[in-house]
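Dear colleague,

Please find below the structure for your review. A summary of the findings follows it.

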Amino acid sequence: MTALSRPWNRLSLAGKIILPLVAVLIALNITLVVLWMSGLLPFLVQAILDTLGANIAILRFLLAATIILLITVPVAFMNIFFEMKLIAFVNLRIGPNRIGPWGTLASVIHGLKVLAKEDFTPRGVDVPVFTLAPAVVYLASVMTLLVVPFAPGLHGYDMDIGLLYFFAISGLGVVGLMMAGWSSFNKYSLLGGLRAAAGMISYELPLILAVMGIVLLSGTLNLNTIVQNQSGSFLDWYIFQQPLGALIFFIAATAEGSRPPFDLTEADSEIVAGFATEYSGMRFGFFFFAEYVNMFILSAMTAVLFLGGWNAPLDLAPIANALGIATPIDIALDPGSMGPGLLWLVLLAPPLIVGGLTAVIWMLKSDWSIIVSAIVAFVLFNLLVGGGVMLLLAMGIDWVMGLVWFLGKTIGLSLFFVLMRATLPRVRIDQLMGFAWKWLVPAALVNIFVTAAAIVVLHEIGRPL
Amino acid sequence: MELPQTVPFLDWRWDDLIFLVLAGTMLGSALLVVVGRDIIRSGLFMVLAFGALAGLYALMGATLVAAAQVLVYLGAISVLILFAIMLTQSKAGPVRLVFHSQAWAAAIAAIVIGGLLIASVLLTSWPLAAAEPIVQTARDVAALMFGDYVLAFEVISVLLLAAVVGGIFLARRDDIPDPSDPATRIEDGSASRVTGTPGVLGGPARPAEKP
């Protein structure tokens, strides 16, 4: 037994994972070859396809869940990079600039670093609760992505009560924070957890009340319908009908995502690192992963509710029509109709264009060698073709354009969150709670009453919204 | 959410399988709430039971009720109970069954409720196939709540408001500290009030001391 266990113990963790996987892969290959040789493979494939086809809704749900889980990774990395780079600019530093162009891959390396760190469980913690807490926090923020309308027709699930679902699920994060704080067996963790829970519950109130004005105006809880109601020019966005609601929502969202200046849960000068004090490795990473995903989701919800979601600020179709471009552009190219000419185009056009560009660049920049000009010309050609295809897609398929606008608004709001972290000092805990209960909640109630009164008055004078 | 066809290899309906899983989770975690020895874990199992109940509501097509269940019971009431446990429980006392002292009363109540439930299940005639599934939208519920039942709704609202005001009145401290007196002044409200009672803060049960 020792002959086997000694080399096994010498393997690193990655090796211990990879080696069984290789064994499984080899076994699978042998099985496949045997099945193929014996002629059973087509029947088996047919049976699997039939089973999958009979359960297509479950498949679709699993696919949506997987995609939403995977989306969180680039989203979090993007926000971490913004945070590092933008705060560096505010501080007159350079920020990450080594890994990837402009340091864009630095957050990926940060993620790998956290993964490789030791995952330590201190003595005295309540192990199952301690282990599950980061997962609860992470899932509570990720599951809300299911109802976010990214673009026309691009959403996880078009729920009739999407807005209610969003608030219900995002409120579950509090349970995870309290689990983390309590199970850590540490005074600072417990204080941090209680603080986080108190803050999040207090700010959930104005967050929900601020949106009630929009529900009154649009008469629905469906996020897709709310976005469609804001179509037209940017003057139709709800931020102009609900300025107070938008302000309250944004402030409450800052506190709900525990972003500075309301990040009392991790005030290191007061309570070490709050609920995350005893955490290390990827379990610690999951809390902050969840925080960055939460920042994206709260920006997305602000964009969806108040800034028109995937609607363009100006309806571009009349302008394009005036210029003689029919929208959406018909991109149904028929490659077959070109015959052998297509082959010649594919074969000859790229080298000819690259060659031409090389000549032009070499003549303009005489101090570059011809190799350097060729490389620059190749990159330029790819950028031009790629950009052209993207533009054509954006003009031709409405969800591409919608996604661009949605992501633009969301990332803009995320950058604003980061800028707030770079500029504003942290408030005190009693100021935080007092602000929520004494100012935001009454203001949100006033907003609801004024909106309802305005709707009734406009209805009475015969000009309903 | 409509679920299709059958579970592969079992030939059950998906609804039945999900119902079994959710109902099993709910009953199991509800049992663990009352027999558990760790009161915080009891609270967390209660969260799980509420979540499974919300899943059952969603399975029956009442998504609005399910969302309200998650929002109110999981997001607010459970968190409030956890708060109360964390702020009041001292782990210095002997570890024993949480609800031990009321076991007899609980047993009698459970037997009575169980009998009532069994009787009501047996006496009800269950329709085997619903004629038309009722699709309840938020709009329908709102129309009922603010149309036919608006008086009951308002009475309940006033009752809850009275309860909130009464609770604040009862919890109000009699000796409100004089702001000018430095001995009793509290710098930052809730934080120092919490840190001021270090003996109360519990955390999980202390591990057995090794000699």
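**Helix packing in chain A**

In this predicted model, helix α4 (residues 56-90) of chain A packs against helix α14 (residues 281-306) of chain A at an angle of about 90 degrees, with the two axes 9 Å apart. That angle makes α4(A) roughly perpendicular to α14(A). On the α4(A) side, the residues in contact are Thr72(A), Val73(A), Val75(A), Ala76(A), Asn79(A), Ile80(A) and Glu83(A). They meet Phe289(A), Tyr292(A), Val293(A), Met295(A) and Phe296(A) in α14(A). By class, nine residues of this contact are nonpolar, two are polar and one is charged.

**Aromatic pairs**

Over all chains, the structure holds 16 aromatic pairs. One of them joins Phe81(A) and Phe82(A): the ring centres are 6.4 Å apart and the planes lie at 45 degrees, so the pair is tilted. Both of these residues are buried.

In another pair, Phe275(A) and Phe287(A), the ring centres are 5.1 Å apart and the planes lie at 65 degrees, an angle that makes the pair edge-to-face. Phe275(A) sits in the loop between α13 (268-271) and α14 of chain A, and Phe287(A) in helix α14 of chain A, 12 residues apart. Phe275(A) is buried, at 7% relative accessible area, and Phe287(A) is also buried, at 4%.

**Confidence in chain B**

Chain B has a mean pLDDT of 75, and 67% of its residues reach 70 or more. Over residues 187-202 of chain B the pLDDT is below 50. Where pLDDT is low, the predicted coordinates should not be read in detail.

Yours sincerely

Technical notes. Residues numbered from 1 in each chain as written. Chains lettered and ligands numbered in written order. Predicted model: local features only at pLDDT ≥ 70, side-chain atom pairs only at ≥ 80, totals over all residues. Heavy atoms only, no water. pLDDT = per-residue confidence, 0-100. Contact = heavy atoms within 4.5 Å. Axes fitted to C-alpha atoms, helices over the stretch in contact; angles between N-to-C directions. Helix = DSSP H or I, 4+ residues; strand = E, 2+ residues; numbered from the N terminus. Parallel < 35°, antiparallel > 145°, perpendicular 65-115°, else oblique. Nonpolar A, V, L, I, M, F, W, Y, C, P; charged D, E, K, R; others polar. Phe/Tyr/Trp six-rings, centres within 6.5 Å; stacked < 30°, edge-to-face > 60°. Buried < 20%, exposed > 50% of the residue type's maximum accessible area, 1.4 Å probe, protein only.
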